[in-house]
Amino acid sequence: MLSLTMMRCKDRFSEIYGRDPEGLSFCPYRICPIGAHSDHNLGKITGLAIDKGIHIAYAPKHNGVVEMASLQFPKRAQWHIASVPAQKQNDWADYLRGATIALSRQHRLSIGLCGVIEGSLPIGGLSSSAAVIISFLTALCKVNDITLTQQEIIDIAYDAELNYVGVSVGKLDQSCEVLSKQNHLLYLDTKDNHYELIPQHPAMKPYKIAIFFSGLEHNLAGSKYNMRVDELRAGVYALQALAGMDYGKFKEANARNVPREIYEQYKSRLPEPWAKRCEHWYTEFERVEKGAEAWRRGDIEAYGQLSFESGWSSIHNWESGAPEQIRLYEIMTQTDGIYGGRFSGAGFKGCCMALIDPAYEESIKTQVTEKYLASYPEMKDKYQVYICESANGVAL
């Protein structure tokens, strides 16, 4: 059964091209309750795909042209698979251009496609950029008869966002959207890509996933995301020098290569912003390990509390979060029936996510909405709440 969003894509495709699409592509969004702001320095993460995501209705174009329309943006984008602009064009289709280039480095492309793309939730905080890339990649691979492994599609999507769009991401988003399994927690070490899908314990209390959109738009490349990553790296680089460790180029500095003991010994000598970024990274690493064990034994309350702690560190150590998002987080911590939660995404704009007890679903929606709009009444027409379930990763 097609979702309403996919039906809208399919109908819009028929309106534009006068025929039905030949293919439908979908990639889920993801949440990362614990593990934020760590994958770019080879940390560990935990995550879940959710049953909302990016849809594309498409058909092949044998002349090699890619032509994409969005239900959210008015301008249609077009390029040829053999002559993608070398530099980003600063519009919504940059993620797709980057994906075309990244895929063409690995495989010969001869067929383009026309398509219509849309997300089933507002953009902002659920790794929509990675989902856009992966949904498009699966369509482009299909028309070119290319089969990718899960790791290949993760790596190609990562390449597109890092090297074309210019966001200093790790592989958290792509991995969650590809590897996840319904009712399992993805526990991933981004240093060596080793992962475990931890099943929901039979004794675990029931849960759903609440998404609270602040009403703010979200743009990683235009936010302080890259700056925060550089500040962490600067702290790590300084720690290596202070400890007499071998170090090379700045971009090669990595928190995973500096033991926690070195950080504790020399953190007082770091500039405060660098020390805070390091504090978040090292404590988040520990929270992920504790969170995986809590999930393994079915203790969703302990897992949720660690997610709340992750959110606190994101505010005070990573220093992210727009005021509206921080207010949402504060309300969540004071609401009965919420096991835990935090910012979702980079945490500068976008949304918050929470793991909730389904028995409290309606009261949670009412309480969070009333308190948030009391603080930000101007967001009345933009603020939204969605209740989601865990889901499988993208079907390749």
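A residue counts as exposed when its relative accessible area is over 50%, and as buried when that area is under 20%. With these terms in hand, this briefing looks at a predicted model.

**Helix 1**

- Helix 1 runs over residues 4-17, which makes 14 residues.
- Thr-5, Met-6, Cys-9, Phe-13 and Tyr-17 are the buried residues of helix 1. Viewed down the helix axis, these buried residues fall within an arc of 100 degrees, so they line one face of the helix.
- The face turned away from the buried side of helix 1 carries the exposed residues Leu-4 and Glu-15.
- Gly-18 follows helix 1 and has a positive phi, near 70 degrees.

**Cysteines**

- A disulfide is a covalent bond between the sulfur atoms of two cysteines. A search of the whole structure finds zero disulfides.
- Cys-114 is in no disulfide, and the nearest cysteine sulfur, in Cys-9, is 13 Å away. Cys-114 has a relative accessible area of 1%, and it is therefore buried.
- For Cys-278, the closest cysteine sulfur is that of Cys-32, at 19 Å. A disulfide requires the two sulfur atoms to be within 2.5 Å, so the sulfur of Cys-278 is too far away for a bond.
- Cys-278 also counts as buried, because its relative accessibility is 0%.

**The second largest pocket**

- The volume of the second largest pocket is about 370 Å³.
- This pocket is lined by 22 residues, of which Ser-25, Thr-138, Val-394, Ala-395 and Leu-396 are the closest to its centre.
- Strand 1, strand 2 and helix 3 (128-143) are the elements that each give two or more residues to the lining of this pocket.

**A loop residue: Asp-381**

- Asp-381 lies in the loop between helix 11 (361-375) and strand 11 (384-388).
- The relative accessibility of Asp-381 is 75%, so this residue counts as exposed.
- Asp-381 and Gly-215 are 166 residues apart in sequence, yet their C-alpha atoms are 8.2 Å apart in space.

Methods. Residues numbered from 1 in each chain as written. Predicted model: local features only at pLDDT ≥ 70, side-chain atom pairs only at ≥ 80, totals over all residues. Heavy atoms only, no water. Buried < 20%, exposed > 50% of the residue type's maximum accessible area, 1.4 Å probe, protein only. Helix = DSSP H or I, 4+ residues; strand = E, 2+ residues; numbered from the N terminus. Expected span 1.5 Å × (residues − 1). Arc of directions from axis to C-beta. 1 Å grid on protein atoms, 1.4 Å probe; cavity = no way out; pocket = protein on both sides within 12 Å on 5 of 7 lines; lining within 4 Å. Points joined across faces, edges and corners; volume = space filled by probe spheres on them.
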